[in-house]
Structures are given as C-alpha cells and as structure tokens.
Amino acid sequence: MSLREGEVRIPSGCAISGIMNRKGYLFSGHDIIQSIALMHDRSNGLGGGFAAYGIYPDYADHYAIHMFYEDSFCREETELFINDHFNVEVGGRIPTRKVSSITEAPIIWRYFVQPKAEKVMEMDLEEDEYVARLVMQINAKFPGSFVVSSGKNMGAFKGVGYPEDIGEFYKLDSYKGYLWTAHGRFPTNTPGWWGGAHPFTLLDWSIVHNGEISSYDANRRYIEMFGYKCTLQTDTEVITYLFDLLLRKQGLPLKAVVTAMAAPLWSNIERLAPEERELVKAIRTVYSPLLVNGPFSIILGSRKGFVALNDRIKLRALVAAEKDDFIYVASEESAIREICSNPDRLWSVAGGEPVIGLLEGVEEL
Amino acid sequence: MNQNITIDAKGIYYRQLNEAIKASLQDKINTIELQNVNGQRYIGAGITNDATISIQGTPGNDLAAYMDGLTLQVYGNAQDGVANTMNKGTIIIHGDAGDALGYAMRGGEVYVKGSVGYRVAIHMKEFQEKVPLVVVGGKAGSFFGEYMAGGILILLGLRGREEQPIVGDYCGTGMHGGIMYIRGSVEEHKLGKEVKPVEMTEEDHQRLALYVGRFAEHFGEDKEEILAQPFTKLIPYNKRPYGNLYVGA
Amino acid sequence: MKVNYLMPEFLIDRDEQRCTHCRICVHQCANEAHLWNDKKKIVYGEDQNCVNCHRCVATCPTRALRIRNYPLEYKNNAHWTPHYIKSIFKQANSGGILLAGMGCDRPYPVYWDHLLINASQVTNPSIDPLREPMELKTFLGRKPEKLSFQNGKLAEALPPQVELDIPIMFAAMSFGAISLNAMTSLAMAAKEMGTCYNTGEGGLHSSLYQYGENTIVQVASGRFGIDPEYLNAGTAIEIKIGQGAKPGIGGHLPGEKVGMDVSQTRMIPEGSDAISPAPHHDIYSIEDLRQLIYSLKEATNYTKPVAVKIAAVHNSAAIASGIARAGADIIVLDGLRGGTGAAPLRTRDSVGIPIELALAAVDQRLRNESIRNEVSLVVAGSIRCSSDVVKAIALGADACYIGTAALIALGCHMCQKCYTGKCNWGIATQNPKLTKRLDPEEGAERAANLLRAWSREIKEMLGGMGINALESLRGNRLMLRGIDLSERDLAILGVKAAGE
C-alpha cells in the first residue's frame, strides 16, 4: 500500500487561481471552476480543491468545520470529541452530486459550531487559538478523521480528481462567495487520499500553492517550536502555519511577513535607504528560518482578503489582473482571460512582490 | 572641581543602577554616593575612571569586575567575586567579603577590614608595574592564594569568628608567583605543596609597614600594634611546579 | 649497558646519490633529526628525533629525502598494538602523563562520512550559483522571539549581532599556542573574507587591534590579557568553558614559550608558566555562568554578543539549554576531534563525544524547548572540508569554526608535536628562527583561499539543493540521509536512511 501525505513527503506541482470582489459582492463558484479548468494540464487528476469565503452568511458567527471521515465509526468517535468541546448548531452531510470521474469519496460532513465558553476559559485561550488547537488535535489523534476547514463563513472543498470535476462534485456553482481560490494538483504520486488535496486551511486561512520548496525542513522545524504539528509533511501545510504564526499570533504587519517569507537579496537590502535597510535587515535576521526558499507561488485567503506571493527569484509563474472591483491572480494569464477577457490592468507579478487584495475598509489581513 | 551626586539604589535593578553610575561619570561627576545598595551586581565593573564611589549597604557579586581605576568605599559587607579580573583602582571594604575575592586580579588594591571567604586571591597575577595587593584584616577560608601567580597577599587575623583559624586548608596550593604574608604562624599541614615559608627580609618589613600602614589608615587602626607580632612569609618553591609532569606521546 | 626500549618512529631515508650535503635540512630541522658531521663533512640523520613534519622533504633542493615509518614490526596482536606497548615504555621511563598535540586520531566513526547530501531533480530546480544569487550571510547573536512594530517601525533595536559573509570562522587559538605570524595570517584572512578569527585565551597582541571587527576575544579561566580595552576590542566575547581536545581539564603554557611578546599580550611576567585552571573559579554552577555573562555585558555596555564555548560531552544538550537560559547569545560546541596545542593523550582520545552527535542533540533539544532561534549555535572540532560544513549547517549549526584545517592551510603537516614548541613550519612555536618561516601575507592569502574555495563549494551544493540562501539549509535535515548507520544513530542525528 502506498503511503499517505503525512506518512511520506510527496512533492507536487500545480495550478492556482483566485478571484475576489473588493466590495464583498457575492458571486457563484462558476468562474473559479472555469478558470482552474483552463489549466487542466497543470494538474494530473490526483487532486483539486477550492476555498470559498462569504458562503455561509446565515452562520457567519460560527466556525464552519468541514470534515472527512473514512467510515462512520471514525465519525462517531470524532463527533463525541467535537460535542465535548463545541456547541454544535447544525451538522450534516455536505451535498454532493455524482460525477463519474470522482470515486472513493470519504464521508464528507460539516458542522457549524461555537466553542464551549467554559472550556475556552478553562484553557485560558483566545477562541481562535482554542479552535486551532482542537483542529490539530483531531488531525493528529483521530486516525481516519480529517479537518478540511475550520474558519468562519468560509469552507474548503477538495478531493482526488481534476479540480473542475471536484467543483462539479461539490456543486460549487450553487454557493456564493466574495473570494474564491482554486487548486489543481500534480503530485508525483499519491495513494488517493482526499485529505492530501489542497487547499490546506487553518481557521480562516486557506492556502493554495504551487511548487516544491527546498527550505521545507528548515521551515518545519522552526514552526514546530511554536506548537504547530506538521502532520501532512506538505509545503502547503507549513506555509499556512508560517502565516498563522506571524499574522495571527505575533501580529506582524503583512508587509513584514512577506519580507520574511520572500526576503530581498542582501545585495538589494544594502541599497535601501538607511531606515528601511535596518528594518528589512532585522526582519531577515530574526526570521531567517522562515525564508521560503525554492519555487513557490501561493494564494493565502482569509475572510479579510488575500495575498498572493511567489518566491524571490521567480521560479514559479504568477499573473494578476484587475477589473472594476474584481481582482484576479492565477498561474497563467489565460486562466484570468478565460473569465475576464478584458481586464483594466494585467501584470506579471515580480519575484517576492506580493499581490494584496483586501476588502474595502480593511487594512491588514 | 568636585562634583558630587547621591543615588538612592533602593529597589533599582543592577542594569539601571550601573547605567546611572556610568551616565554620572560621563557628566564628569567624581564622587558618587550610592545609598540603600542591596545585591546589585557589577558595581564599577569594566569602568575606566578615577572617580570615587561610596556604597552604603551590601553590594552584589562581581563588585569591581575588570575595574580600571575607580576607588570604591563599601560601608557594609561585600559578597562573592569582588575585584574579579580587576586591573586598577582601590577597594576599601568596611566589613567582610565573600569567596573568590581578587580572582585573576592584575592590579590595584583591596583592603578588607573583616574576614574573607574561600579561594581569595585565586590566580592573582602581576605584570610589570602592576602588582596587585589584597590586605585582609580578619581571617580567610581555604585555598587562600590558590594558583597565585603574582601580587601581594596580606592576612592579619585581627578579627573574625573565634573558633576559626586565621586561614583554612590548602593555603597557597598551586602558587607559582607573588608573595603572601600571614600574621603569626601557619601550621605546615595547611600549606599547599607548592609553597614554603621563608625568612622575612628587611625589604619585606618595609613592604609590610607600607601596606599595613595604609590598611590602618583606612580603618583607623593601630599600625604599630599590628606589626608588633611576627609574620610568616610564603613564596612558591619554583615558578615551574609542573615541569616534569608530562612525556611526549 | 642500559637498553632504550623505544625505537624511532620514523626512518629518514636519504638518497646518497642525490644528497649534496648542503645542510639545508640541518638548518630547517629544529628537532635535530638532521645533523652535520664536521669531520667527515657530511649530513647524517638521527631517526629518533624525526617527527615526520616533512619540512626537510619540502625544502631539500635535490629531493634526496624520504621519511618512512620505521620498519620495526611487533608481533601481530589485535589487542596489544604497538601504540599501547610504546606508550607503556614511555611512561615506565618517565612517570609522566602522555602529552599530545592536535585532535583525537583514533578510528572512531566519522559521522560526516555517513551523511549524504540531497540535490534537486525535476520537482524543483537546482540553481546555478555562478550566475544566480547565492547567499551565505550569517548573523550570530540573540534573536528576539518576535519583532514588534510601532507605526511601521521596529519598536526595539535588535540585540548586537556578529555579521559574517561566510559561515566559517577561525577557531580559538591563543598567542602562545601559535605564533604571532600565524595569528596575523588568520586575522588578515578573516578580514579579507568577512569573517572572524578568535584570540583564544592568550590576550590580544597590540598589532592585532586593527582587526577588531573580525575578532572574537576569548575569556578563559586563566583570564590572561583581559582588561576593559581587550573586552571592547572585538566584535564578540567568547567565554571558554572547555574545548573538545581536553574536556574538563585546564591548560598550561610552559614558561619557555612566554617570551617578551607573549608576556606583554598575556600580561604576565616573562618566563612564567601560564596556567589556566580547569574551571572558571567564578563559575561553580549554571547561575554563576549567568553572572559572568552579564559581567561581560556590563563591562561592554551590552554592545557585544557573548558566546559560551563548551566541549561536546555526554550531557551537552541539557548544558546547552542551560547556557541559553543563562543569557548566552551564541553557544559554541567543540567536538571530540577538536585540536589543541597540548593535551594529555588519554583525555584527548577518550573524553567527549563526536561533534556530529552533540550538534544534532543540542539543536533538537533547543527546538524541543522552543529556544533554538534565540541563540546561535557554532560547531567546531573536525570540520575538514566544505561538505562537512554543509552537513553541519543542515544538522542545525549556524556556523562552523575551523582550527586544524586553518593551520593546515598555513602549512601544518599534522605531525602532532605542537607541544614541543619546535614547529618547523613556524606555526606552533615562539622561536623567532622558526616563526619567521611563516610570512603573514602569504599565510593570509592561503587561509583566505581556503575559505574562498570552500565558499564556492558550499554554493555549488546549496544550488544543487535548490537553495539560494544559507538560512534555508540551517536545520534542514531533510537534505541529509544517513548511510551505514544504526537506527539509534539515525534517530540521534534526526535523519532518514539513504533510500528512505
């Protein structure tokens, strides 16, 4: 039997795409499916997925827990744990439709929950931290159960297959969100485990990512000092945790986070104005284990917006465009043109240069 | 011109206290009085200056470490590590002092009215015009002058715990330089195997008169009375105690 | 007649047809292995005195000399090897402690040689270091757990850092153990290459103050040459607790090596023994280490990172953790094979553990305790080549010290007789006739060349792994695989087996 993500490290190439409406206008999953479908040849049918924000307005204050279960026994076990730690408002199967190419789907479930106040108090944690820890606990301690996503008013939908088929399977054309990201995966090998598909998420964060980074173990061993457990051994997982640590836990400005992860070269730092130079030098000195090295392009989604970034010497492609209130990023220009044939502005993103899309009135991710 | 300042050290952490001292010295202040000192470490450490600091209370460890010129008056007891690797300056302690006073001290003078702990003047050195001096009015613990490589060490035994001898065991063990004077006699079994008592010369008497005189002046004692009793002089057998210890592999 | 049980170690093989009896070998050999017979007007050899340092071979104008192992065979015995038999003869003769120079030469496993480095193929690209940027810059010093910002600016300045262009420094070797020309060579090379050399515990010679930015000044138990000026002269201060060649014991520079210059620099009288006690007598416990660290910070107004160097011993991981908590900014680990000017042979060869294992254990322990990023970790004691450096960094080191390798670059031929003070290459000696053989300019060029060559090789290997900044290799153990190691070794090193 071949080993799963988490039991072995599986390199993977990919396609990514993202669309956001800055004013928070909700639109269906149709466009994002079309965009990622155009890059069909960048995936190999072994993984596809989407993250969608703004899709659960009726439960906007609840954490939406998306789950994969291998069998109903796993579900019952895990539900005991969930019920123990959360007040579950609603729970049930996520609706899917039959698609001939999608087989061996797990049991896919979702719950809208609130953390039990007394437990949060008892552990003396912020609500988000409480949820993050329980998510990591479920993934580490309940074999056969996997948390697909755990944010508010958002969800991840993923599986083994081409992304367009996955979108069809989850009926994403029936959801409406203001921010969509998508991923088509090209792993070197996979046992066909649905949990291994992307996006990877934690709380509101979702990451779609392309490329195999060379700094994986340096990044992983650093982040694990802060209580994170990299159970999947994937780049996407570790990058998500890096963002979570710096943005949520340490409260760093997004610009500093981007500087840490895609640090400018020392020769460029030397040429900066003195004050800026000291700042960048300090970030690079202190956060050197967080430099993400090797090829990557990523889209980090959150309920406030997204940031797209690629590595500092541009080993992966990334294109961005704007049209009215919409902002687009994708691995290829054609994937944008497919859904927005005539953008107001379209540019090829430079190495280490972030594309930041924030909702109106929001200043930081 | 004399410039004075008083600093109340009560509840101040050593880092802030020493910053305040350094800032005062920068402002050309040459007499600093520290009040309510209790446990603050490193007073005078690493400072090159010829000002005077008087300390009321119990200064913390490593008083005057690497010190280079200051005069410190301590009105109270000092703890461990006084004059650690000190280069220059004078310390006058109107009380007792702890262990390892004068460790690796290269220059300057330390006068202690009372007794001192273990390993005092350990690895004290000398170099050219720098000949460090430690005068102890009371008694000393074991390993007095261990590894001593230079300087002058004087032990008077004028006061201290009655049941204690003037000096503990292993006195001068590993000593390979410098001179030690102990008022009265020391039993042979207390001496380290590298030292031997020798006859006092006229030069020794003159030297003792000078330094005991300074000691008496600092603490208002009777110099002649102290000098009336005979002293034991200890020096190392040779400067190469370990010459035959090794054979090439 | 009293029989000498000890036969010579080496045989001087002089080709009589080539030898012109020019006497160069006689002048070159401070060990008096070549002698002149004035009556017969010939040069002859005294095998007993030869240490096999190759100086005569290298300087013989007619290539008339060869040095061989002395052809004296003991009866085969796997247990009582000639080494032990000869050692007993020597000790039975003298009653002395066996003394040796350089590092442990016993055939313990060399873990560097059981680690293999990764390279990128297809799934991510290798990088061409000759044409694309490749960064080796390294900062040593305490890093805060996180940065705080106020209005887009840093809320607090960073603690002081040592900025290195390459992750290789010259290890502590004192003036006294090595010659001033050797030290000057290393200081100049360090400046040229943007790295540091280390004074060792013998003080800082007045002519070397100009290399302050590239100097780490050491504070050891003997406290030689230490005054406020010295403490402020370098870019960092290193407290030496122990060294890999002789963990747990002190040092002893014999009086005959304390000439005028050494005396001035150590600030002790000429001709006196310079004894470094085994412990610092102000450190009998871990909280005392904190006291010394902060006394040095106070004395330098918190402008210098303070390093603490320990020998790699069984409990290094816990000790290192304590050192970090005591306030050290840099931890230096010196392994079993670290060199020395003189060490008791049995200590040198039997005390301590290999640096590879100590490094892996310390790095992992500091990570388990979430404090790895707050201190820098420098390793020493057996780094022979650039791939050793790469492996050390991947195991978790921030930088390496090289001592033996640096001396070999200056001409050392590893005869291991540093303690005699008769180094024919002018390195481990204070004899002016010998020290002048090492020209500092030439030495500096050779030492700098070594660093340059290794830097190029490191960049090649980094590029191969698809990494263009050294920090992404640091602790990146996935870039290593073990070969021919036990499960236990693999677990301690934290690497997978080749093929996994």
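Conventions first. The model is predicted, so local features need pLDDT of at least 70 and side-chain atom pairs count only at pLDDT 80 or more, while totals for chains, interfaces and linings use all residues. Residues are numbered from 1 along each chain as its sequence is written, and chains are lettered from A and ligands numbered from 1 in the order in which they are written.

Chains, then. I call two residues in contact if their C-beta atoms, placed from the backbone, lie within 7 Å. Which chains share the most contacts? Chains B and C do, of the 2 pairs of chains in contact. Chain A and chain B have no contact joining them. Their closest C-alpha atoms are 25 Å apart.

Take B against C. Chain B puts in 39 residues, chain C 34. Two strands of chain B give two or more residues each to that side: β8 (149–155) and β12 (246–248). Helices here are DSSP runs of H or I, at least four residues, strands are runs of E, at least two, and both are numbered from the N terminus. The largest share of the chain B side, 3 residues, comes from β12(B). By class, that side has 16 nonpolar, 14 polar and 9 charged residues. For the classes, Ala, Val, Leu, Ile, Met, Phe, Trp, Tyr, Cys and Pro count as nonpolar, Asp, Glu, Lys and Arg as charged, and the others, Gly among them, as polar.

Now A against C. Here 34 residues of chain A touch 37 residues of chain C. On the chain A side, α6 (216–223), α9 (266–269) and α10 (274–286) each supply at least two residues.

On to the cysteines of chain C. An unreviewed UniProt entry lists C:C29, C:C50, C:C53 and C:C56 under "binding site". They are spread over 28 residues of sequence, yet they cluster in space, with a largest C-alpha distance of 10.1 Å. A caution on the record: its positions are in the numbering used here, feature names are shortened, and annotations may be inferred rather than shown by experiment.

Is C:C50 buried or exposed? It is buried, because 22 other C-beta atoms lie within 10 Å. The cut-offs: 20 or more other C-beta atoms within 10 Å is buried, 12 or fewer is exposed, in between is partly exposed, with C-beta atoms placed from the backbone. C:C50 sits in the loop between β3 (42–45) and α2 (55–59) of chain C. Beyond four places in sequence, C:C50 contacts C:P8, C:F10, C:I12, C:N31, C:A33 and C:I67.

C:C56 is in helix α2 of chain C. C:C56 has 27 C-beta neighbours inside 10 Å, so it counts as buried. Its contacts beyond four places in sequence include C:C25 and C:C29.

That brings in the second listing. The unreviewed UniProt entry also gives C:C19, C:C22, C:C25 and C:C60 as "binding site". These span 42 residues of sequence but cluster too, with a largest C-alpha distance of 10.4 Å. C:C22 lies in the loop between β1 (10–14) and α1 (24–28) of chain C. C:C22 is partly exposed, because it has 13 C-beta neighbours inside 10 Å. C:C25 is in helix α1 of chain C. C:C25 is buried, with 25 C-beta neighbours inside 10 Å. Outside four places in sequence, C:C25 touches C:H34, C:V43, C:C56, C:C60 and C:L65. Helix α8 (residues 316–325) packs on helix α10 (residues 355–368) at about 50 degrees, axes 8 Å apart. Axes are lines fitted to C-alpha atoms, for helices over the stretch in contact, and angles run from 0 to 180 degrees between N-to-C directions. That makes α8(C) oblique to α10(C). Under 35 degrees would be roughly parallel, over 145 roughly antiparallel, 65 to 115 roughly perpendicular, and the rest is oblique. The residues in contact include C:A317 and C:A320 of α8(C), and C:A361 and C:V362 of α10(C). They divide into 7 nonpolar, 2 polar and 1 charged.

The other pair is helix α11 (residues 386–395) and helix α14 (residues 440–464), at about 55 degrees with axes 9 Å apart. Again, α11(C) is oblique to α14(C). C:S386, C:S387, C:V389 and C:V390 of α11(C) meet C:W454, C:E457, C:I458 and C:M461 of α14(C). By class, that contact has 5 nonpolar, 2 polar and 1 charged residues.
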